[in-house]
Amino acid sequence: MVSLSMRMDDPGRHPVILFDGHCGLCNASVRFVLRHEVRPDFRFAPLQSGWAQEQAKGVLDVDQLNTVYLVDSEGVHARSDAVLRIARQLRPPWRWLAVCLMIPRPVRDAVYRLIGRLRYALFGRSAYCAVATPAVQDRFLATDERDQTPR
């Protein structure tokens, strides 16, 4: 876990998920979280956004697009730690995936990295983040296409 000054939308109140906005799997995962979270607590920002670049400056490597981050009141969590901590805040049966936190991190992260290497081939990519719909747009800390760099 990396320490981070809590500048990101008061993560104690609203955990922030930083994700690859060009990744089909990542965008589908954000939509999944939106459908299955217990309460509408999460906030979202693509790693490519100017907002993420500014907020995480010197703390996170936001150019590491194959990593999802969760910023919450306990700090910054990456890779499988982030995914499983997010799962804890989903409705059953999805929250039960958090039991996988008992698996040693190197094993969990090896699986995470494998999926990360294959995600574009398996799930595609888009020119920009297309997740935010008008109904949930206020939960995205960066949604303006002009705020994201197409890849």
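The model is predicted, so local features need pLDDT of at least 70 and side-chain atom pairs count only at pLDDT 80 or more, while totals for chains, interfaces and linings use all residues. Residues are numbered from 1 along each chain as its sequence is written, and side-chain values use heavy atoms, with hydrogens and water left out. In outline, the protein has 4 helices and 4 strands.

**The overall picture**

- Reading from the N terminus, the elements go β-α-β-α-β-β-α-α; helices (H or I, at least four residues) and strands (E, at least two) are DSSP runs, numbered from the N terminus.
- Of the protein's 151 residues, 44% count as buried. Buried means under 20% relative accessible area, exposed means over 50%, and partly exposed is in between (1.4 Å probe, protein chains only).
- Take the contacts between residues at least 6 apart in sequence: 71% of them join residues at least 24 apart. Contact here means heavy atoms within 4.5 Å.

**How the helices pack**

- Two packed helices are described by the angle between their axes and the distance between the axes. Axes are lines fitted to C-alpha atoms, for helices over the stretch in contact, and angles run from 0 to 180 degrees between N-to-C directions.
- Helix H3 (residues 79–87) packs on helix H4 (residues 105–123) at an angle of about 95 degrees, and their axes are 8 Å apart. That makes H3 roughly perpendicular to H4; angles under 35 degrees count as roughly parallel, over 145 as roughly antiparallel, 65 to 115 as roughly perpendicular and the rest as oblique.
- On the H3 side, the contact is made by Arg79, Ser80, Asp81, Val83 and Leu84, and on the H4 side by Arg105, Arg108, Asp109, Tyr112 and Arg113. By class, this contact of H3 with H4 has 3 nonpolar, 1 polar and 6 charged residues. For these classes, Ala, Val, Leu, Ile, Met, Phe, Trp, Tyr, Cys and Pro count as nonpolar, Asp, Glu, Lys and Arg as charged, and the others, Gly among them, as polar.
- H1 and H4 cross at roughly 95 degrees too, with axes that come within 7 Å, and are therefore roughly perpendicular to each other. Gly24, Leu25 and Cys26 of H1 meet Ile115, Arg119 and Phe123 of H4, which divide into 4 nonpolar, 1 polar and 1 charged.

**A closer look at H3**

- H3 is mostly covered, with 7 of its 9 residues buried: Ser80, Asp81, Ala82, Leu84, Arg85, Ile86 and Ala87.
- Those buried residues of H3 pack against E1, H1, strand E3 (69–72), strand E4 (75–78) and H4.
- Arg79, in helix H3, has a positive phi of about 55 degrees although it is not a glycine. Arg79 counts as partly exposed, at 24% relative accessibility.

**The nonpolar cores**

- The largest nonpolar core has 17 residues, of which Ile17, Phe19, Val33, Phe42, Phe44 and Phe140 touch the most other members. A nonpolar core is a set of buried Ala, Val, Leu, Ile, Met, Phe, Trp, Tyr and Cys residues joined through side-chain atoms within 4.5 Å.
- Strand E1 (16–19), helix H1 (24–36) and H3 each give two or more residues to this core, and H1 gives the most, with 4.
- Another core lies apart from this one, with 14 residues, among them Leu18, Leu65, Tyr69 and Ala142.

**Rings that pair up**

- The structure holds 3 aromatic pairs. Rings of Phe, Tyr and Trp (its six-membered ring) pair if their centres lie within 6.5 Å; planes under 30 degrees apart count as stacked, over 60 as edge-to-face and the rest as tilted.
- Phe32 and Trp94 form an edge-to-face pair, because their ring centres are 4.9 Å apart and their planes sit at 85 degrees. This pair links distant parts of the chain, 62 residues apart: Phe32 is in helix H1 and Trp94 in the loop between H3 and H4.
- Phe32 is partly exposed at 24% relative accessibility, and Trp94 is partly exposed at 34%.
- Phe42, Phe44 and Phe140 are linked into a cluster by ring pairs.

**Two loop spots to look up**

- Pro93 is in the loop between H3 and H4, and the peptide bond from Pro92 to Pro93 is cis, with omega near 5 degrees.
- Asp20 sits in the loop between E1 and H1 and is buried, with a relative accessible area of 1%.
- Leaving out residues up to four places away in sequence, Asp20 touches Cys26, Asn27, Leu47, Gln48, Leu65, Arg119 and Tyr120.
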